[in-house]
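Dear colleague,

Please find below the structure that I am handing over to you.

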Amino acid sequence: MEERKIPKATAKRLPLYYRYLNNLNYQGKTRVSSQELSEAVKVDSATIRRDFSYFGALGKKGYGYNVEYLLSFFRKTLNQDEITEVALIGVGNLGTAFLKYNFLRSNNIKIVMAFDADPEKIGTKVGGVPVYNIKNLEDFITDIEVAILTVPVSEAESIAKKLVKKGIKGILNFTPARITVPDYIRVHHIDLAVELQSLVYFLKNYPLDSEQ
């Protein structure tokens, strides 16, 4: 199949589709329609069909999509056979939750090390993941390309610089700080307070059961 440039919006939805298809597979379901997918992932069916069209004929009219085939296809597309090792910086409440969860529903992402400044946490394991002294960050994080940042705001910028220096290519930033990194580093900022405020705003002003 000739490789085509996939829109960013489509690429961001692929893991969502994959997760739901994985659930269907666990339930023993063999096929699914775009309408069923739409209702489950909250993406309109026309968008789903358009997203899938970038990858060729993945389904049949009147039949829908074969779950096992789609899973196999997206597993290859999303490199699910390759494990991406991740480092977590900051073992506070949020960081601890990440370590205990450790992407259990995903088979290609795994937090393999964590860092903190708390002497009571250093040298222990949380969710089976070893916690190292954050002062030794640059000694351990040598072959890691992705990091989750859950440190205090005041530490975010300095830690980000160390991560970049050690070859990190992607940072999932859960701090309110807008860290400065070179253009070749991808950063996804997730401010939970802002997301919650946005949710409340939409609940109050755009109720789902209101008539358009």
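**Findings**

Ser 45 touches Ser 34, Gln 35 and Ser 38, leaving out residues up to four places away in sequence; contact here means heavy atoms within 4.5 Å. Ser 45 is placed in helix H3, where helices (H or I, at least four residues) and strands (E, at least two) are DSSP runs numbered from the N terminus. With a relative accessibility of 16%, Ser 45 counts as buried; buried means under 20% relative accessible area, exposed over 50%, and partly exposed in between (1.4 Å probe, protein chains only).

Please note that this is a predicted model, in which local features need pLDDT of at least 70 and side-chain atom pairs count only at pLDDT 80 or more, while totals for chains, interfaces and linings use all residues. Residues are numbered from 1 along each chain as its sequence is written, and side-chain values use heavy atoms, with hydrogens and water left out.

The protein chain has eight helices and 10 strands. Of its 212 residues, 37% are buried. Among contacts with a separation of 6 or more, 55% join residues 24 or more positions apart. The accessible surface is about 13,600 Å², and carbon and sulfur atoms account for 52% of that surface; the areas come from the Shrake-Rupley method with a 1.4 Å probe, and for residues only the protein chains shown count as cover.

Helix H3 (residues 45-53) also meets helix H1 (residues 8-26): their axes come within 11 Å and cross at roughly 105 degrees. Axes are lines fitted to C-alpha atoms, for helices over the stretch in contact, and angles run from 0 to 180 degrees between N-to-C directions. H1 is therefore roughly perpendicular to H3, the class for 65 to 115 degrees (under 35 is roughly parallel, over 145 roughly antiparallel, the rest oblique). H1 contributes Thr 10, Arg 13 and Tyr 17 to the contact, and H3 contributes Thr 47, Ile 48, Asp 51 and Phe 52.

Lys 42 counts as exposed, at 70% relative accessibility.

The largest nonpolar core has 23 residues, of which Ile 89, Leu 149, Leu 163, Ile 171, Ile 179 and Val 181 touch the most other members. Such a core is a set of buried Ala, Val, Leu, Ile, Met, Phe, Trp, Tyr and Cys residues joined through side-chain atoms within 4.5 Å. At least two of its residues come from each of strand E4 (84-89), strand E5 (109-116), strand E8 (146-149) and helix H7 (153-165). H7 gives the most, with five residues. Apart from this core lies another, of 19 residues, among them Val 41, Val 43, Phe 55 and Tyr 65.

Glu 138, in helix H6 (residues 137-140), is partly exposed at 27% relative accessibility. Beyond its neighbours within four places in sequence, Glu 138 is in contact with Lys 162, Lys 165 and Lys 166. The C-alpha atoms of Glu 138 and Lys 166 are 6.6 Å apart, although 28 residues separate the two along the chain.

Finally, Val 194 belongs to helix H8 (residues 192-205) and is partly exposed, with a relative accessible area of 45%.

Yours sincerely
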